[in-house]
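Work through the exercises below with the sequence and the model at hand. Each task is followed by a solution in steps.

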Amino acid sequence: MTRPSKARIRQSFERAALTYDSAADIQRRICTQLADGLPDIAPTRLLDAGCGTGFAQADLQARFPDTHSVALDLSPAMLDRVSLPCCRIAGDLEHLPLADASLDLYWSSLAVQWCDLATALREAHRTLRPNGLVALASLGPATFHELRHAFADVDHYRHTLSFHSPDEIRKIAVNLAFATVNTKKSTKIAHYPDFKTLLRAVKAIGANQLGDGRRTSLMSRATFQRAEAAHEQLRTSAGLPLTYDVIYLYASK
């Protein structure tokens, strides 16, 4: 699956650092649901991989008060927004700057979709101690399907990333020799008053980088209006919908 370059991803989240928290309601709900699925464990060292502004830290530190917590993100600007005390590291999920067998819990909420998943999970496996746990939330193929609908008859550019199915995620984890692998699915839908607000919200959380095949020029007014009209066909009483097809993975080493 084609992904944007790391430089573009970092740049996008650097720009979104100041707006992320105000636009990240769905992201917080997903993070909370990921935490609700954690088994009864007592990690001594955990990694919040792709921590963003650090929303998960409050819950993780409350659950595991004696745990040494490491927050890692590709974006230094995001790390600067982490308010709770923890070890902060600017780094790449595909090349973790951590020793082998140094973690008991690898936690990651809505970050691995920006990575090659097999590489990121291989790094998670490498850094986990025996019986260590991966708990991550990623996005599935139905994510942002409304945007694909809106632009289907408008242009031939990519408007969303490609995402792994639950079966694909499970297969990758099994092939990496995780001892137990469990996946769950849920659907979260955000609603917006209009198409422009929806697109701004996607940009505000840094989710507007698409890699090869993306539009590189400004969208014309006519193109915008055609996409807007197509998305309006999906309007509900709550507003214009935007779907997050969420996949949760819990895998032990």
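**Exercise 1.** Classify the orientation of H9 and H10 and describe their contact.

Solution. H9 and H10 are roughly perpendicular to each other, a class that covers 65 to 115 degrees. The axes of H9 (residues 195–204) and H10 (residues 221–232) cross at roughly 100° and come within 10 Å. Contact means heavy atoms within 4.5 Å; on the H9 side it involves Phe-195, Lys-196, Leu-198 and Leu-199, and on the H10 side Phe-224, Ala-227, Glu-228 and His-231. By class these are 5 nonpolar, 1 polar and 2 charged residues.

The model is predicted: local features need pLDDT of at least 70, side-chain atom pairs count only at pLDDT 80 or more, and totals for chains, interfaces and linings use all residues. Residues are numbered from 1 along each chain as its sequence is written, and side-chain values use heavy atoms, with hydrogens and water left out.

**Exercise 2.** Describe how H6 packs on H8.

Solution. The angle between H6 (residues 117–127) and H8 (residues 166–175) is about 40°, and their axes are 10 Å apart. Leu-117, Ala-118 and Leu-121 of H6 meet Ile-169, Ile-172 and Ala-173 of H8. The contact has 6 nonpolar residues, no polar and no charged ones.

How values were computed:
Axes are lines fitted to C-alpha atoms, for helices over the stretch in contact, and angles run from 0 to 180 degrees between N-to-C directions. Helices (H or I, at least four residues) and strands (E, at least two) are DSSP runs, numbered from the N terminus. Ala, Val, Leu, Ile, Met, Phe, Trp, Tyr, Cys and Pro count as nonpolar, Asp, Glu, Lys and Arg as charged, and the others, Gly among them, as polar. Angles under 35 degrees count as roughly parallel, over 145 as roughly antiparallel, 65 to 115 as roughly perpendicular and the rest as oblique.
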